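Please keep the sequence and the structure in view while reading.

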Amino acid sequence: MMQAGSSTIDPKEVAKFEQSAQDWWGGIKNSPLHKLNPVRLDYIVRHVCEQFDRDPRAPKPFTGLDIVDVGCGGGLLAEPMARLGAKVTGIDPSPANIEVSTGHAAESGLVIDYRCAAAEDLASERALFDVVLSMEVVEHVTDVEAYIAAAAALVKPGGLMFLATLNRTMKSFALAIVGVEYVLGWLPRGTHEHHRFVKPRELADALMAGGLTIKDETGVVYNPLTDRMRLSRDMDVNYMMLAERPAR
């Protein structure tokens, strides 16, 4: 693995998640991700099946696909990908996260290649994947453009890259930081820093600079009445973006 100083990993950001590594599966500190997971999973399944001509109703529609989950945390997305039949690699700079994700996968009877590594490590190995997942990562790296360049390099021709992050708006400050961290207490205070949030145009520009084309973008909003997340045209706070590397 590269040293943190030669990659886009921020040791201070990694330390934040080290402290709550044991909370990935059911812990209140990560409840926003548990609420978000069904929405992002449905989004991924729909677009992957469309891209690779798979039947989403099949028991394992992702069979034969190589997927990497960059910043995999405790494996909240990596595990569903494996259950759908994909060959899954999960990487994270936190040894504690890798320990938790590896243990949980073993308990669940899943085979997932978890590594304590950064996107730059796999890029230097010239590793390629049909699908690259980068969910809730870009707001924690030291250099968004450099990180996207490394992650985009992992996408095979004809492959997809999914990203989820937070928009840099006053609304996101009010809801994602003040609301989630200070009022509701769903995340520890200081989990997010508003200046690190990324506007959709900035993310799209970085992806295109990495040789990818933008296929889709969508907002994700929380409904307090149903206690559920859903897709929306409103991208002011949470949003997802899908990019493709054109086939040769």
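A residue is called buried when its relative accessible area is under 20%, exposed when it is over 50%, and partly exposed in between (1.4 Å probe, protein chains only). Helices (H or I, at least four residues) and strands (E, at least two) are DSSP runs, numbered from the N terminus. This is a predicted model, in which local features need pLDDT of at least 70 and side-chain atom pairs count only at pLDDT 80 or more, while totals for chains, interfaces and linings use all residues. Residues are numbered from 1 along each chain as its sequence is written, and side-chain values use heavy atoms, with hydrogens and water left out.

Helix H4 covers residues 95–107. Its buried residues are Ala96, Asn97, Ile98, Val100, Ser101, His104 and Ala105. These residues pack against helix H1 (11–18), helix H3 (78–83), strand S2 (87–92) and strand S3 (113–116), where contact means heavy atoms within 4.5 Å. Just after H4, Gly109 adopts a positive phi of about 70°.

The whole structure contains 13 salt bridges, each a side-chain nitrogen of Lys or Arg within 4 Å of a carboxyl oxygen of Asp or Glu. One of them joins Arg196 and Asp10 (2.5 Å, N to O). Arg196 lies in the loop between helix H7 (170–183) and helix H8 (200–209), whereas Asp10 lies in the segment before H1, 186 residues apart. Arg196 is buried, at 16% relative accessible area, and Asp10 is buried as well, at 11%.

Another salt bridge pairs Glu136 with Arg40 (2.3 Å, N to O). Glu136 sits in the loop between strand S4 (129–135) and helix H6 (144–152) and Arg40 in helix H2 (residues 31–51), so this pair ties together parts 96 residues apart in sequence.

Key
The expected span of a helix is 1.5 Å times one less than its number of residues.
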